[in-house]
Amino acid sequence: QVRFVESGGGLVQPGGSLRLSCVVSGRMPSIYAMGWYRQAPGKQRELVARLSTTGSTMYPDSVEGRFSISRDNAKNTVDLEMNSLKPEDTALYFCNAVLGSYEPVFDTWGQGTQVTVSS
């Protein structure tokens, strides 16, 4: 069974930075892309970063140029570097494997890590 444990969130002022980390345990097939999702209260979950097995990345316009996803296969971690944070980035952030361009692969999610951007 694959498990995800996210960490690194916190309270940050607008314009600040955070680095999130996700530790992946269990048997993760190497064919899957990895991604970071977020969900704000009252809003749908959205994919904010995707990293393919070939190293290509994809970001929505809302975070393009500010977020950067990376993966360390030796440590089984997936990180999300977030810069120039805005109040609208406030959400609970999760990682998961990604099927296609958006769909999460696994139904079981981690606890997530809360990011709050506020002055």
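Tutor: Happy to! Let's start with strands β3 and β8, which run antiparallel and are joined by 6 bridges. Please keep in mind that this is a predicted model.

β3 and β8 belong to an open sheet of 4 strands, ordered β1-β3-β8-β7 with antiparallel pairing. At its edges are β1 (3-7) and β7, each of which pairs on one side only. From one strand to the next, the twist averages 15 degrees. As background, the strands of a sheet pair through backbone hydrogen bonds, in either a parallel or an antiparallel way.

Next, look at the cysteine in β3. A disulfide joins Cys 22 to Cys 95, with an S to S distance of 1.7 Å. Cys 22 lies in strand β3 and Cys 95 in strand β9, so this link ties together parts that are 73 residues apart in sequence. Cys 22 is buried, with a relative accessible area of 0%, and Cys 95 is also buried, with a value of 0%.

That link takes us to β9 and its partner. Strand β9 (residues 91-99) pairs with β4 in the antiparallel sense over 7 bridges, and Arg 38 stands opposite Tyr 93 in β9. Strand β4 (residues 33-39) is mostly covered, with 6 of its 7 residues buried. β4 also runs antiparallel to strand β5 (residues 46-51), to which 5 bridges join it; here Met 34 stands opposite Leu 51 in β5. The hairpin of β4 and β5 has 6 residues between the strands, and in it Gly 42 takes a positive phi near 75 degrees.

Finally, let's see what lies inside. In soluble globular proteins, nonpolar side chains tend to be buried together. Here the largest nonpolar core has 30 residues, and those with the most contacts inside it include Trp 36, Leu 80 and Tyr 93. Among the elements giving two or more residues to this core are β3 (18-25), β4, β8 (77-82) and β9.

Note on methods:
Residues numbered from 1 in each chain as written. Predicted model: local features only at pLDDT ≥ 70, side-chain atom pairs only at ≥ 80, totals over all residues. Heavy atoms only, no water. Buried < 20%, exposed > 50% of the residue type's maximum accessible area, 1.4 Å probe, protein only. Pairing = 2+ DSSP bridges. Core = buried A, V, L, I, M, F, W, Y, C linked by side-chain atoms within 4.5 Å. Axes fitted to C-alpha atoms, helices over the stretch in contact; angles between N-to-C directions. Disulfide = S-S within 2.5 Å.
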